[in-house]
Protein chains: 2
Amino acid sequence: MTASSSETLLAQAQQVCKKKGARFTKVREQVFLLLAKHEGAVGAYDLLAQLKKIDTAAKPATIYRALDFLSKQGFVHKIESINAFVMCHHFGDCDHPVQLLICDQCGHVEEIQSNNFDLALRSMADANGFTIIHQIVEAHGHCRTCNNQ
Amino acid sequence: MTASSSETLLAQAQQVCKKKGARFTKVREQVFLLLAKHEGAVGAYDLLAQLKKIDTAAKPATIYRALDFLSKQGFVHKIESINAFVMCHHFGDCDHPVQLLICDQCGHVEEIQSNNFDLALRSMADANGFTIIHQIVEAHGHCRTCNNQ
DNA sequence: TGGTGTCGTGCTATAGAATAATGCTACACT
DNA sequence: AGTGTAGCATTATTCTATAGCACGACACCA
């Protein structure tokens with residue numbers, strides 16, 4: 001993730017927030033940028049360490065609140081299986097359910113979208129009388145690059 | 001989960017271990033039984049508290065090692081999104097990928113199986129040159145019972 | 001029957017992840 | 001300027017998970 005493209009992302013995010021009337025405060029922007037600049041997933045405390053470099057007063061709650069906000073806006077996703085966070089590059093129209101491919105070798109995270117997949121899961125749930133509110137789909141394995149080595 | 005059916009499960013698990021030459025030790029059995037008797041998901045430290053009643057020397061590592069073993073045998077599944085563990089009732093033939101429906105209201109966990117679903121995920125991964133080793137599919141929402149209330 | 005290696009365990013400590021509770025502050029709206 | 005909501009700082013604490021090391025049990029083979 002280059003600096004310029006993270007600036008672009010930031011601008012987009014600012015637009016989205018403005019439209020929704022959400023307050024994109026300084027801390028939230030800082031955390032957003034840290035995530036945008038970071039290739040792949042980052043742990044909350046890693047982020048905290050980075051944030052502390054520019055804001056010495058930062059504490060765990062600082063990070064978690066920011067991440068909470070960013071998640072709600074759909075800017076970042078939490079990866080439950082590794083307790084880490086990753087920037088979402090499709091936001092704006094980002095209510096979509098998320099499916100993640102996580103490379104255990106290089107740490108790369110690929111976000112994919114499949115309505116079919118979502119439908120399949122929902123219909124299975126339906127058959128059980130179950131109503132889905134939130135779904136977590138995370139596949140671990142080896143990415144293309146690592147496969148070819 | 002009644003006592004008798006957990007005994008039945010235990011017997012089945014013992015069979016499986018014998019066949020594979022895996023050592024189903026006392027600690028592992030105790031944890032297995034605790035899980036079998038527990039309806040729904042349990043946290044590791046909850047389990048630890050229960051285990052301590054029959055084995056005062058038990059420590060976190062005791063539980064985690066046992067859970068690790070039981071997971072590898074396919075007897076229990078970890079629910080990544082809530083950091084908890086749940087007994088699998090299909091073992092024996094339990095190499096199957098797991099899909100879980102987790103009721104956020106009553107805590108009930110339903111395990112479902114769909115080869116189609118698995119195939120859909122794999123083909124999507126394939127399209128990205130990604131090889132899946134392990135998959136996590138967890139849907140949160142409301143179960144049939146809670147929906148009808 | 002004793003030697004040897006592997007696997008399991010006990011134990012201590014510590015790392016890592018997340019939230020609770022409280023009171024203060026900044027900002028938007030009127 | 002007044003008021004309410006949302007955000008924030010701070011401290012402490014809870015919950016989750018693993019590292020590292022020494023000891024013991026057991027299987028296997030000679």
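A residue is called near a molecule or strand if its C-beta atom, placed from the backbone, lies within 6 Å of it. With that in hand, let's walk through this predicted model, in which local features need pLDDT of at least 70, side-chain atom pairs count only at pLDDT 80 or more, and totals for chains, interfaces and linings use all residues. Residues are numbered from 1 along each chain as its sequence is written, while chains are lettered from A and ligands numbered from 1 in the order in which they are written.

Start with DNA strand C. It is surrounded by 17 residues, and the closest are A:G43, A:Y45, B:T25, B:A57 and B:A61. Two or more residues of this surface come from each of α3 (44–54) and α4 of chain A and α2 (26–37) and α4 of chain B. Helices here are DSSP runs of H or I with at least four residues (strands are E runs of at least two), numbered from the N terminus. The largest share, four residues, belongs to α4(B). Sorted by class, the surface near DNA strand C has nine nonpolar, four polar and four charged residues. In this sorting, Ala, Val, Leu, Ile, Met, Phe, Trp, Tyr, Cys and Pro are nonpolar, Asp, Glu, Lys and Arg are charged, and the others, Gly among them, are polar.

Now move to DNA strand D. Among the 17 residues around it, A:T25, A:A57, A:A61, B:G43 and B:N83 come nearest. The classes are nine nonpolar, four polar and four charged.

How are the two chains related?

Finally, look inside chain B. The axes of α2(B) and α4(B), lines fitted to C-alpha atoms over the stretch in contact with angles from 0 to 180 degrees between N-to-C directions, come within 9 Å and cross at roughly 80 degrees. These helices are therefore roughly perpendicular, a label for angles of 65 to 115 degrees. Residues in contact (C-beta atoms, placed from the backbone, within 7 Å) include B:V27 and B:F32 of α2(B) and B:I63 and B:L70 of α4(B).

Methods
Angles under 35 degrees count as roughly parallel, over 145 as roughly antiparallel, 65 to 115 as roughly perpendicular and the rest as oblique. Two residues are in contact if their C-beta atoms, placed from the backbone, lie within 7 Å.
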